[in-house]
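Please keep the sequence and the 3D view at hand while reading.

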Amino acid sequence: MAMLELKHVCQSYKKQHPVLRDISLSIPTGQFVSVIGPSGAGKTTLLRLFNHMVRPDSGEVWIDGTRFDRLNGRGRRKIQQRVGMIFQDFSLVDMCTCLQNVLNGSLARVPLWRALSGCFPQAEKEKAMAALKAVGLESYSQTPAHTLSGGQKQRVAIARTLMQDATILLADEPVASLDPLTARQVLELMRKLQKKQGLTVVMNSHNVEQARTWSDRIIGLKDGRIFFDGPPADWTDDRLQDLYGRTQS
């Protein structure tokens, strides 16, 4: 059974200007998929379909055998809890510590009064520390997020998704703002966690070489349609030229 599936999805934000055009795809559990394509191709919209930030105009969105786009209320939130997301800008609370930011991943299962008062159960604190350890930041638990480097901030964001018990990780240009060495370290961590925990990862990227290096599969979008869908080994320079109209590095 597919973990993520789109069936004939169409999406537009303005009439006569479709963003996605009859998109169908199936992503099995545990696969690392990179979605590439020029700006405006529909990459971010495709990603957001899987966490309900966008609802399709037509077609179907399925997550682990459940029709997701029709869900509301508790049913939708139950599935959303399984879907972690990391962003280019990290989306951390800068004045909070790393531990506090990671604990935010437990908000769906912790009573509101505990979250507002910061009185998280000891079991949740221990789990948050384990998540920080998994991303190599155990010693930074009491460090304010605003003092961290970009790479460290993204590691905290990844730890937050682990705290969430996410089985699906959506990454929207997660290393675009990082230097090449730090970007590689973050991608290595994502790949390690994906393999160790069986995560299903969908990553948007403008960097074709990163997609080739770290992915099990590349999906190329152009003008809202699937231009290419296959393993990195089948991605050729000719296809690159056709997708972007220029050479990418």
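A residue is called buried when its relative accessible area is under 20%, exposed when that area is over 50%, and partly exposed in between. The model is a predicted one, and in it Cys 10, at 27% relative accessibility, therefore counts as partly exposed. Cys 98, in contrast, has a relative accessible area of 0% and is buried.

As for disulfides, which require a pair of cysteine sulfur atoms within 2.5 Å, the count comes to 0. Cys 98 takes part in no disulfide, since the nearest cysteine sulfur, which belongs to Cys 96, is 10 Å away, and the cut-off for such a pair is 2.5 Å.

Strand β9, which spans residues 217–222, is mostly covered, with 5 of its 6 residues buried. The strand pairs with β3 (residues 32–36) in a parallel arrangement, and with β10 (residues 225–230) in an antiparallel one. The table sets out these two pairings, each with one of the residue pairs that form bridges.

| Strands | Direction | Bridges | A bridge pair |
|---|---|---|---|
| β3 and β9 | parallel | 4 bridges | Ile 36 with Gly 220 |
| β9 and β10 | antiparallel | 5 bridges | Leu 221 with Ile 226 |

Note on methods:
Residues are numbered from 1 along each chain as its sequence is written. This is a predicted model: local features need pLDDT of at least 70, side-chain atom pairs count only at pLDDT 80 or more; totals for chains, interfaces and linings use all residues. Side-chain values use heavy atoms; hydrogens and water are left out. Buried means under 20% relative accessible area, exposed over 50%, partly exposed in between (1.4 Å probe, protein chains only). Helices (H or I, at least four residues) and strands (E, at least two) are DSSP runs, numbered from the N terminus. Two strands pair if DSSP finds at least two bridges between them.
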